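Reader: I like to know what stands behind the words in a structure description. Could you take me through some of them?

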Amino acid sequence: MLDLKFIRENPGEVRRAAEVKRVPLDVSELLRVDRELLALKQRVEAMQAERNVNAKLVPRATPDERGGLIQKGKDLGESLKALEPELRAHEDALKQLLLQVPQIPHRSVPLGRDDSENVELRKEGAPPTFDFAPKDHVALLEQHGWADPERVAQVSGSRSYLLKGEGARLEWAILTLALDMLQERGFEMLSTTALVRPETFVGSGHFPGGEDQVYKIEGDELMLAGTAEVPVNSLYAGEILPESGLPLRYAAYSSAFRSEAGSAGRDVRGLIRVHEFKKVEQYVLMQANEEAALDMFAAILGNAEAILQALELPYRVVQNCTGDMGAGKVLMYDIEAWVPSEGLYRETHSCSYLGDWQARRTGLRYKGEDGKIHFAYTLNNTGIAAPRILVPFLENHQQADGRIRVPAALRPYLGGKDVLGQAT
Ligand SMILES: Nc1ncnc2c1ncn2[C@@H]1O[C@H](COS(=O)(=O)NC(=O)[C@@H](N)CO)[C@@H](O)[C@H]1O
């Protein structure tokens, strides 16, 4: 959501943002409803003022004037009451339209229609060369008996997963390493719920629009969030925080649930795209200062890169184009790790800066040292998401005998082992 004053004064810029982000929005309709609502409010205020003046005349009126004045007061009351529904309808219509207004993209964002037009910024780490035929992650899991796809499909259908033994310990070792690294970098761990109220999806910006990605619960208003960003972004909803307490920096662990509606046929094998996964989310709520926010963006991007470097995974950083960044972002970079079996880089992290777009929808404000109340700025980035990270991890670290090399940073989390699994 943007400041209505900004929209009134910059309709062209808002229209352009909606166009380049392919967000359906009729700015003229929004401004028309806004004007009509202002006119209605002015009529109501004028009638209320007239009724107040009229009410003051009654005590001083002569007996034959009194009746007329009282009747006039009643008539004004009736007319005001009659305007209520129209006023309410206009306020609701404006609120719905405002929720559709996209954030203005940063001037550095490349124009594009979809992820094929994202721009590679840099590569880090060279993809491995194997002097043997490398296996894909499904075959490696199979070799070590670390998964049980048939049985879990029986229990849970497609896009489910289960990890066993060292495979399960590896998942938690990576999650814990990420949490430790983020804590060292000033991010406080949260262990959060994924069961949230619908309005938290409006606050984060997933609604309106992303309803079909979310699992709902029959007969219950609660829904299952696809990222800890949703609950954490609404933790302070409606509060006014002291500036001295900012920035808030959280490493929020939660399960994440996604229907993956619309992904039919994509990544159906293995661990890339499942309905329930585990994610450590970097979430920041900070002062409304663009320069500081861009520094924070670089910091949370760097945190994720440090985690990938500790895992010794080759990756690249891309800047998302306007058509692949979503409505609420000012700036967005994805990090993609190398997946040997696909010969491609696949997304493992997504880093976003949203300005005050989420804060306006959620009611996240702080009292500045200047004594004024400001909407906060919010940012988020993946810390680590499992099991997807296991795909590049297993494939890049496989040895000729199929065992998995453990990078030094991870060994303390795996009983000191430097290799996992049994040789074929
Ligand atoms: N269906 C899924 N299965 C497994 N991992 C997933 C799935 N969907 C997303 N992820 C992982 O979660 C990461 C973040 O998801 S995201 O939608 O791109 N971005 C967010 O959720 C933001 N809150 C930043 O984390 C992705 O980069 C990917 O690594």
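Author: Gladly; what follows is a set of questions about the terms used for this structure, each answered from its definition. This is a predicted model, in which local features need pLDDT of at least 70 and side-chain atom pairs count only at pLDDT 80 or more, while totals for chains, interfaces and linings use all residues. Residues are numbered from 1 along each chain as its sequence is written, and side-chain values use heavy atoms, with hydrogens and water left out.

Reader: What makes a stretch of the chain a helix or a strand here, and how many of them are there?

Author: Both are DSSP runs numbered from the N terminus: helices are H or I with at least four residues, and strands are E with at least two. By that rule the protein chain has 12 helices and 16 strands. Its C-alpha trace spans about 105 × 45 × 40 Å along the principal axes.

Reader: Why is aspartate 267 called buried?

Author: Buried means under 20% relative accessible area, exposed means over 50%, and partly exposed lies in between (1.4 Å probe, protein chains only). Aspartate 267 has 18% relative accessibility, so aspartate 267 counts as buried. Over the protein chain, buried residues make up 50% of the 424 residues.

Reader: And why is arginine 22 called partly exposed?

Author: Its relative accessibility is 43%, so arginine 22 counts as partly exposed. Arginine 22 sits in the loop between α2 (11-20) and α3 (27-60).

Reader: Where are the cis peptide bonds that join leucine 246 to proline 247 and alanine 386 to proline 387?

Author: Proline 247 lies in the loop between β6 (240-242) and β7 (248-257), and omega of the bond from leucine 246 is about 0 degrees. Proline 387 belongs to the loop between β14 (377-386) and α12 (390-396); omega of the bond from alanine 386 is about 15 degrees.

Reader: What makes arginine 88 and glutamate 91 a salt bridge?

Author: A salt bridge is a side-chain nitrogen of Lys or Arg within 4 Å of a carboxyl oxygen of Asp or Glu. The closest N and O atoms of arginine 88 and glutamate 91 are 2.6 Å apart, so the pair meets the definition. The two residues are three residues apart in helix α4, so about one helical turn separates them. By this rule the count comes to 26 salt bridges.

Reader: What does the salt bridge of glutamate 312 and arginine 405 tie together?

Author: These side chains meet at 3.1 Å, N to O. Glutamate 312 lies in the loop between α10 (290-310) and β9, and arginine 405 in strand β15 (residues 404-405), so the pair ties together parts that are 93 residues apart in sequence.

Reader: How do you know that β10 pairs with β9 and with β11?

Author: Two strands pair if DSSP finds at least two bridges between them. Strand β10 (residues 331-339) has five bridges to β9, in the antiparallel sense; one of the facing pairs is valine 317 and isoleucine 335. With strand β11 (residues 344-353), β10 pairs antiparallel over nine bridges, and alanine 337 has arginine 346 as its bridge partner. β10 and β11 form a hairpin with four residues between them, and glycine 343 in the turn has a positive phi of about 60 degrees.

Reader: Why are β3 and β4 said to stand at the edges of their sheet?

Author: That open sheet of three strands has the order β3-β5-β4, with antiparallel pairing. β3 (195-196) and β4 (215-217) each have a single partner strand, so one side of each is left without a neighbour in the sheet. β4 pairs with strand β5 (residues 220-224) over three bridges, and lysine 216 stands opposite methionine 223.
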